[in-house]
Amino acid sequence: MADTILRVENVYKSFDGQDVLRGVSLQIREGEVVVIVGPSGCGKSTLLRCINGLETISSGNIFLRDEKISGRTKDLHLVRQKIGMVFQSYDLFPHMKVMDNLLLGPTRALSRPRADVEKEALEMLERVGLKDKAYALPRTLSGGQKQRTALVRAMLMHPEILLLDEITAALDPEMVSEVLNVVIDLARGGMTMAIVTHEMRFAEAVADRVLFLEDGVVLEEGKPEEFFHTPKTERAQRFLQSFTYASKRGTSEKQSKNNLGD
Amino acid sequence: MDGSFILSHVPDYLSGAWVTLRFGLYGVLCSLALGLVCCLLCYFRVPIFHWIAKGYIELARNTPLLVQLFFLYAGLPRVGIRFSAEACAVIGLTFLGGAYMSEAFRSGLESVDRAQVEAGACIGLTAGQNMRYVIFPQALATAIPALFANVIFLIKETSVFSVLAMMDLMNVADTLRTSGGRTVEVLFMLIVAYLLILLPVSLLATLVERRLRYAGFGDQHSV
């Protein structure tokens, strides 16, 4: 059994008296990919933001490799160096070239020599098909290219775990797969990840385990093949159904009625 | 208008312009430094100091420079603190300008997308590194027009220095006017002198703004 990297214990979080997380617990082992799904407003993004301290939790504990990381205000940057995070809106630094975006963390936060990191950055850019954009400004990139850059930026910190918060939600449909293929590549390489997404087929493809979050609690948890095909809770069934559509010509039941009518 | 009168007094105006420009520049540079410090104290909510900075900003912005200079030059000596006229000029201009510069920097910092701050934090930068490499460069690009407006405003405010008996442009002109009586020529030269100093500053502001825009600084639409 691989080591537990992340342990979230009974975490509560409220905004202005409104509970967003109501006792969430989860564990993520080394190399495991956990996908968190659920209706909007269920607390998925808040959960990720609590893990790397962008939000402070109301109660509970969060551990990274047995080190308690919740509730601290000092040296939070040291914790965040070990937890990568990529957002829906890419958030590349617009005033820096792609390469400077990539180098900033490793050279400034980790004090690594620039030449080393630059070499590594070029290798990673090549792997995600962006080597020719290394010295371009972010505004000249497409959404998909920006998001791949953001993934490389997070990975260059060599985090213990990578948090992905709906990273394809702002992309045009044809750019979604170029980004998700990079994530699948990372998963194959053994990267530990917690992924919030609305791309159900991607979730099924990449997940080792799926968490269904509803109204601030983990309502269901299971292997992707179980969760997506035989969900246990009625709420999860309804959620998954919302991703399928009735056909234009109506259901087969209606059609058979029409046939009888003829 | 008497051309020979104008020509014969060009050297007087040059020396006045030198005083205006020199002390204006000292004041501007000190204002930028003070403004930056104050706005960072407020941004990081440094205990106690950020209240002091806020109080100072309100005091400086809501009292006239003339009153501030009188306080420095005539008020403080009564309690035994005595500055030269030149020192009073620079201190006074800095006191006023620091508040305006701080507000200009603040507007720049507030314009930086919160997501940028979080992105910087997420790659493990300390708050200081995040400010230096991620937030401030973007804030500065947004604040440039306001900062330049302040520079022009402060250089114009140096005309108040004449109450300190400094021979700046305003005082040179005033002295000539009261002694020679050629009011039209004297004031014409005064206006031309201020324009010659400030038009290049305005031009520089335009150039810098354009350059920043073309460089894609502060590009907020990220899709």
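User: In this predicted model, which residues have the most contacts inside the largest nonpolar core?

Analyst: The model is a predicted one, and the largest nonpolar core in it comprises 126 residues. Apart from that core lies another, of 10 residues, which includes Leu169(B), Val172(B), Leu176(B) and Ala193(B). Within the core of 126 residues, the ones with the most contacts are Val35(A) and Ile36(A).

User: Which residues does Val35(A) touch, leaving aside those up to four places away in sequence?

Analyst: Val35(A) points the same way from strand S3 of chain A as Val33(A) and Val37(A), and Val35(A) stands opposite Val210(A) in S9(A). Not counting residues up to four places away in sequence, Val35(A) touches Ile195(A), Thr197(A), Ala203(A), Val206(A), Ala207(A) and Val210(A).

User: Why is S3(A) described as largely enclosed by the rest of the structure?

Analyst: From S3(A), Val33(A), Val35(A) and Val37(A) point one way, Val34(A) and Ile36(A) point the other way, and all are buried. S3(A) is therefore largely enclosed by the rest of the structure, the number of its residues that are buried being 5 of the 5.

User: Which strand, joined to S3(A) by 4 bridges, spans residues 209–214 of chain A?

Analyst: Strand S3, residues 33–37 of chain A, is joined by 4 bridges to S8(A), and these two run parallel. Another 4 bridges, again in a parallel arrangement, join S3(A) to the strand at residues 209–214 of chain A, which is S9.

User: What is the handedness of the β-α-β crossover from S7(A) to S8(A)?

Analyst: Between S7(A) and S8(A) the chain passes through helix H6, residues 173–188 of chain A, and the crossover is right-handed.

User: Which helix supplies the largest share of the side of chain A that touches chain B?

Analyst: The contact between the chains involves 23 residues of chain A and 20 residues of chain B. Helix H2 (76–80), helix H3 (98–109) and helix H5 (143–155) of chain A each supply at least two residues of the side that touches chain B, and that side divides into 11 nonpolar, 7 polar and 5 charged residues. The largest share, 4 residues, comes from H3(A).

User: How many helices and strands does chain B have?

Analyst: Chain A has a secondary structure of 10 helices and 10 strands, whereas chain B, read along its sequence, follows the pattern α-α-α-α-α-α-α-α-α. The C-alpha atoms of chain B fill a box of roughly 70 × 50 × 20 Å along the principal axes. The count for chain B is 9 helices and 0 strands.

User: What percentage of the 223 residues of chain B count as buried?

Analyst: In chain A, 44% of the 262 residues count as buried, and 66% of the contacts between residues at least 6 apart in sequence join residues at least 24 apart. For chain B the corresponding share of such contacts is 78%. Of the 223 residues of chain B, the part that counts as buried is 39%.

User: Over which residues of chain B does pLDDT stay under 50?

Analyst: The mean pLDDT of chain B is 92, with 96% of its residues reaching 70 or more, and the model as a whole scores ipTM 0.89 and pTM 0.88. The stretch where pLDDT stays under 50, for which the model has 10 contacts beyond four places in sequence, is residues 218–223 of chain B.

Notes:
Residues are numbered from 1 along each chain as its sequence is written. Chains are lettered from A and ligands numbered from 1 in the order in which they are written. This is a predicted model: local features need pLDDT of at least 70, side-chain atom pairs count only at pLDDT 80 or more; totals for chains, interfaces and linings use all residues. Two residues are in contact if their C-beta atoms, placed from the backbone, lie within 7 Å. Ala, Val, Leu, Ile, Met, Phe, Trp, Tyr, Cys and Pro count as nonpolar, Asp, Glu, Lys and Arg as charged, and the others, Gly among them, as polar. Two strands pair if DSSP finds at least two bridges between them. A crossover is right-handed if, with the strands pointing away from the viewer, the path from the first strand over the helix to the second runs clockwise. A residue is buried if 20 or more other C-beta atoms lie within 10 Å of its own, exposed if 12 or fewer, and partly exposed in between; C-beta atoms are placed from the backbone. A nonpolar core is a set of buried Ala, Val, Leu, Ile, Met, Phe, Trp, Tyr and Cys residues joined through C-beta atoms within 7 Å. pLDDT is the predictor's confidence in each residue, from 0 to 100.
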